[in-house]
Protein chains: 2
Amino acid sequence: MEATEFVIEILCTGNELLSGTIVDTNAQWISSKITDAGGCVRRITVVGDEVNEISSAVKESIERKPNWLIVSGGLGPTYDDKTLEGIGTALNLKLVLDNNAVEMLRKSYTLHGLTTNYELNHTRLKMARIPEGSTPIQNPVGSAPAVLIEIANKTTKIICLPGIPKELKAIFSENILPQIKKSISDFYIVRSFCETIGISEAMLAPTLSSIVDMYPSDSVYVKTHPQGYTSDNKPRLRIQIISKGKDRSKVQIRYSNILNTLIENIELLGGKINSNVKL
Amino acid sequence: MEATEFVIEILCTGNELLSGTIVDTNAQWISSKITDAGGCVRRITVVGDEVNEISSAVKESIERKPNWLIVSGGLGPTYDDKTLEGIGTALNLKLVLDNNAVEMLRKSYTLHGLTTNYELNHTRLKMARIPEGSTPIQNPVGSAPAVLIEIANKTTKIICLPGIPKELKAIFSENILPQIKKSISDFYIVRSFCETIGISEAMLAPTLSSIVDMYPSDSVYVKTHPQGYTSDNKPRLRIQIISKGKDRSKVQIRYSNILNTLIENIELLGGKINSNVKL
């Protein structure tokens with residue numbers, strides 16, 4: 001196997017994601033960071049703010065044994081922030097008031113100059129009640145600490161991140177991504193998007209099949225995305241190309257070969273390439 | 001129970017969703033339509049273009065017995081369009097060339113004036129190979145037909161929609177949403193977003209708890225979304241209010257009561273309401 005198989009699952013919690021009130025961008029952002037680091041996001045699950053729903057989703061994920069389960073949302077002080085309760089239920093862990101987490105909350109409130117009117121009452125301390133044996137991580141932007149859960153004899157590390165994108169991004173970039181990168185070590189990826197006119201998905205399908213058959217399935221990815229038709233009824237297509245692996249020169253050679261094969265076949269089929277943009 | 005419990009699950013397929021290349025907007029769009037119709041989206045799952053992944057996700061969903069499972073993506077002609085194969089594996093149904101689906105493809109190509117160079121070859125006919133006993137639905141925008149699968153003795157209806165948003169929206173609005181609305185019948189919903197300054201999520205948490213305790217859990221939904229701080233370090237908060245149910249006047253009275261309770265408590269706590277926008 002050329003590319004590493006470091007498997008990640010993402011679990012997003014929040015009724016607002018299931019009612020269509022909010023477009024979830026957290027899962028997409030995390031997925032793109034994981035992919036760039038050489039990891040593989042195997043599944044994304046979205047459930048509502050219910051203990052049983054969260055607990056089932058966590059149990060099911062752990063049974064699939066990913067290296068990490070990244071959970072987003074539900075760490076705040078309100079009645080519907082139930083992520084830690086759900087995880088506690090799934091793993092049979094009690095929620096306990098964690099002194100380090102209390103100190104992190106205190107630090108967060110001080111950081112925002114919020115000392116008066118911001119005593120650590122019952123509601124706020126909810127954010128410091130975490131599954132026994134887990135590790136809180138300081139939230140440098142908001143208040144609720146992230147929570148890292150490592151269970152003996154289990155493959156999967158669980159990290160619970162706050163759902164607010166600025167907070168999630170800060171903690172993930174500073175604390176989690178470096179750990180994931182370290183586990184994966186050397187990894188290279190080239191991605192591009194190629195825009196074409198005059199060629200349909202079906203016309204190019206045999207070319208795509210022959211390309212992917214030439215390489216290990218985890219080292220290349222070529223996909224066509226139909227973009228409708230031009231005013232004179234010519235199909236527009238966007239082609240995504242990914243080459244990845246541990247050997248930088250192999251990754252680059254593979255990418256060039258794929259691009260050349262595509263260019264050749266698109267021209268043969270009477271299509272035109274408008275642009276190829278590397279990401 | 002005041003609001004109906006008509007449960008829907010959504011399954012999105014596509015490696016591009018797991019690599020963070022694309023933000024999935026289909027699930028959010030479907031969820032918002034379902035919520036407005038009075039249905040309840042219980043879970044959203046995203047898996048890659050692999051038969052086993054799709055098959056497992058479909059089996060797991062059916063075991064949870066939602067009324068509908070809405071599947072998005074993977075109906076096209078390319079090697080990685082594997083949704084129907086995955087569903088066939090999950091339900092033990094063979095894929096068979098469906099004459100109606102072939103006619104639909106022919107109609108789609110004619111519609112776009114694509115008659116020359118667009119013979120129905122093996123690659124294109126892949127889109128007409130559907131699980132035995134299922135029903136194809138004409139795609140009025142693109143080519144791949146949608147596929148409706150109703151299994152005897154199973155609670156769950158499965159609808160497979162093309163992943164391209166314009167195509168998905170057209171078929172869902174014309175063919176599926178009317179069926180779902182008919183099953184749910186009378187339903188009313190009032191939604192709004194209220195913007196406040198000077199009040200934190202933790203300060204308002206007890207008010208929220210007392211509001212939700214007053215009503216059946218499926219008839220109201222109140223959630224705070226922290227929006228950071230103003231330049232003079234005052235917390236900004238967005239409050240989402242939903243009141244829903246089968247009795248229009250009860251829905252409206254509940255909404256007004258909740259809003260009044262919020263206004264009263266926010267002012268008592270020294271906060272300020274900037275706006276309340278009904279959606």
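Begin the tour by selecting A:Asn92, which lies in the loop of chain A between α4 (83–91) and β4 (95–97), where helices (H or I, at least four residues) and strands (E, at least two) are DSSP runs numbered from the N terminus. This is a predicted model, in which local features need pLDDT of at least 70 and side-chain atom pairs count only at pLDDT 80 or more, while totals for chains, interfaces and linings use all residues. Residues are numbered from 1 along each chain as its sequence is written, chains are lettered from A and ligands numbered from 1 in the order in which they are written, and side-chain values use heavy atoms, with hydrogens and water left out.

**Two asparagines with positive phi**

Stay on A:Asn92, whose phi is near 60°, a positive value in a residue other than glycine. A:Asn92 counts as exposed at 71% relative accessibility; here buried means under 20% relative accessible area, exposed over 50%, and partly exposed in between, with a 1.4 Å probe and protein chains only.

Select A:Asn233 next, in the loop between β10 (220–229) and β11 (235–245) of chain A. A:Asn233 is not a glycine either, yet has a positive phi of about 65°, and with a relative accessibility of 32% A:Asn233 counts as partly exposed.

**The loop between β6 and β7**

Move to A:Asn139, placed in the loop between β6 (135–137) and β7 (146–150) of chain A. Is A:Asn139 buried or exposed? At 1% relative accessibility, A:Asn139 counts as buried. If you display its surroundings and leave aside neighbours within four places in sequence, A:Asn139 is in contact (heavy atoms within 4.5 Å) with A:Ser108, A:Ala144, A:Pro145, A:Pro162, A:Glu167 and A:Ile171. To set a distance across the chain, pick the C-alpha atoms of A:Asn139 and A:Lys59, which are 80 residues apart along the chain and separated by 26 Å.

From there, select A:Pro145, which is found in the loop between β6 and β7 of chain A and counts as buried at 2% relative accessibility. Not counting residues up to four places away in sequence, the residues that A:Pro145 touches include A:Leu75, A:Ala101, A:Met104, A:Leu105 and A:Met127, as well as A:Asn139.

**Aromatic pairs**

A pair of aromatic rings is described by the distance of the centres and the angle of the planes. Rings of Phe, Tyr and Trp (its six-membered ring) pair if their centres lie within 6.5 Å, with planes under 30 degrees apart counted as stacked, over 60 as edge-to-face and the rest as tilted. By this rule the count over all chains is 2 aromatic pairs.

Select A:Trp29 and A:Phe172, an edge-to-face pair with 5.7 Å from centre to centre and 75° between the planes. A:Trp29 lies in helix α2 (residues 26–37) of chain A and A:Phe172 in helix α7 (residues 165–184) of chain A, so the pair ties together parts that are 143 residues apart in sequence. A:Trp29 is buried, with a relative accessible area of 15%, and A:Phe172 is buried with a value of 0%.

Now switch to chain B and select B:Trp29 and B:Phe172, whose ring centres are 5.7 Å apart and whose planes stand at 75°, so this pair is edge-to-face. Both B:Trp29 and B:Phe172 are buried.

**Charges over rings**

A charge sits over a ring if NZ of Lys or CZ of Arg is within 6 Å of the ring centre and within 35 degrees of the ring normal. In chain A, select A:Arg238, which lies over the face of A:Phe193 at 3.8 Å from the ring centre. In chain B, select B:Arg124, whose charged end sits over the ring of B:Tyr109, 5.4 Å from its centre.

**A loop serine in chain B**

Remaining in chain B, select B:Ser200, in the loop between β9 (188–197) and α8 (201–214). B:Ser200 is buried, with a relative accessible area of 10%, and its C-alpha atom is separated by 7.4 Å from that of B:Pro226, 26 residues apart along the chain.

**Zooming out to chain A**

The C-alpha atoms of chain A fill a box of roughly 70 × 45 × 35 Å along the principal axes, and buried residues make up 55% of its 279 residues.
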